[in-house]
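Q: I'd like to learn to read a structure one feature at a time. Can you walk me through it?

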Amino acid sequence: MENADKNVIFAQRLNIELDKLKITQGEFCKKVDISTGALFNYKTGKRLPDIDNLIKLAEEFNCSTDYLLGLIDIKSTNDDYQFIHKLTGLSDKAIEYLNNCYNETTNQEATSTSIKTINYLIENEDKYHLIKNLNDFIWLGNSKYNQQVDIEQAVAKVKIDKALFNMDNDIRTFNLLEETQKEKNNEQN
């Protein structure tokens with residue numbers, strides 16, 4: 001990656017994070033002990049911060065220095081999340097959702113069903129088409145409107161509905177088999 005590219009990525013991410021804070025640049029500079037001139041140079045991509053200032057910024061934004069520098073695309077400082085992102089390409093939000101599904105304790109049955117559904121979608125090769133059709137449906141929906149896109153989106157929607165219907169039947173069958181097995185185990189005890 002060219003040095004100019006690094007500066008641009010850093011400047012973009014810095015500006016995004018600064019916008020989230022809702023404080024003036026002067027207040028921010030005082031808070032993290034960085035000069036306003038240095039902040040201006042970082043924001044405009046003229047230069048990158050030294051290591052001390054980079055660490056101050058990362059700590060203030062609760063993100064990794066690698067994220068600010070554009071070396072990784074996940075903001076989280078959680079090593080597990082970073083590893084999962086590198087392995088799968090999943091975003092912060094996707095990893096957080098999966099983690100919440102797994103760790104949700106208020107409704108163990110719903111959690112179990114969510115995890116089973118996610119595994120079902122990922123593990124069954126024929127369900128890959130559902131994910132592909134969802135992808136087509138979402139991205140075609142974001143395309144400039146024209147009749148061809150409209151037809152393709154309608155076809156993708158029909159394929160999605162069919163796959164979801166089949167998946168729902170498969171999951172119901174799986175749940176029935178699981179309940180039957182539980183009943184048999186209870187009867188044996």
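Predicted model: local features only at pLDDT ≥ 70, side-chain atom pairs only at ≥ 80, totals over all residues.

Q: Is E17 buried or exposed?

A: You compare the relative accessible area with a cut-off, and under 20% means buried. E17 has 3% relative accessibility, so E17 counts as buried.

Q: What joins the side chains of E17 and K75?

A: Look at the N and O atoms. A polar contact of 2.7 Å joins the two side chains. The pair also counts as a salt bridge, at 2.7 Å from N to O. K75 sits in the loop between helix 5 (65-69) and helix 6 (79-88) while E17 is in helix 1, so the pair ties together parts 58 residues apart in sequence.

Q: How many salt bridges does the structure hold?

A: Five. One of them is formed by K31 and E60, whose closest N and O atoms are 3.0 Å apart. With K31 in helix 2 and E60 in helix 4, the pair ties together parts that are 29 residues apart in sequence. Check accessibility on both ends, too: K31 counts as exposed at 55%, and E60 is partly exposed with a relative accessible area of 23%.

Q: Which residue's side chain does K56 meet in a salt bridge?

A: The cut-off matters for this one: a salt bridge needs the nitrogen within 4 Å of the carboxyl oxygen. K56 meets D33 at 3.8 Å, N to O. K56 belongs to helix 4 and D33 to the loop between helix 2 and helix 3, so parts 23 residues apart in sequence are tied together. K56 counts as partly exposed at 26% relative accessibility, and D33 counts as exposed at 60%.

Q: On to the rings. How many aromatic pairs does the count come to?

A: Read ring pairs by two values, the distance between centres and the angle between planes. The count comes to two aromatic pairs. In one, the rings of F10 and Y42 have centres 6.2 Å apart and planes at 90°, so the pair is edge-to-face. This pair links distant parts of the chain, with F10 in helix 1 and Y42 in helix 3 (residues 36-43), 32 residues apart. F10 and Y42 are both buried.

Q: Are the planes of F28 and F61 stacked or edge-to-face?

A: The ring centres of F28 and F61 are 5.5 Å apart and the planes are at 5°, so the pair is stacked. Distant parts of the chain are linked here as well: F28 is in helix 2 (residues 25-32) and F61 in helix 4 (residues 51-61), 33 residues apart. F28 and F61 are both buried.

Q: Which residue lies over the face of Y67?

A: For a charge and a ring, check the distance to the ring centre. R13 lies over the face of Y67, 4.3 Å from the ring centre.

Q: How do I read the two sides of a helix? Which residues of helix 6 are buried?

A: List the buried residues, then see where they point around the axis. In helix 6 they are Y81, Q82 and H85. Those residues cover an arc of only 100° around the axis, which puts them on the same side of helix 6. D79, D80, F83 and L87 are exposed on the other side. The buried residues pack against helix 7 (92-103).

Q: What caps the N-terminal end of helix 6?

A: Look for a side chain reaching a backbone nitrogen. N78 is the cap, with a side-chain oxygen 2.7 Å from the backbone nitrogen of D80. Helix 6 is followed by G89, whose phi is positive, near 85°.

Q: How many helices and strands does the whole protein chain have?

A: Ten helices and zero strands. Of the 189 residues, 26% count as buried. Among contacts between residues at least 6 apart in sequence, 41% join residues at least 24 apart.

Conventions:
Residues numbered from 1 in each chain as written. Heavy atoms only, no water. Buried < 20%, exposed > 50% of the residue type's maximum accessible area, 1.4 Å probe, protein only. Polar contact = N/O pair within 3.5 Å; in protein donor to acceptor, adjacent residues only side chain to side chain. Phe/Tyr/Trp six-rings, centres within 6.5 Å; stacked < 30°, edge-to-face > 60°. Helix = DSSP H or I, 4+ residues; strand = E, 2+ residues; numbered from the N terminus. Lys NZ or Arg CZ within 6 Å of the ring centre and 35° of its normal. Arc of directions from axis to C-beta. Contact = heavy atoms within 4.5 Å.
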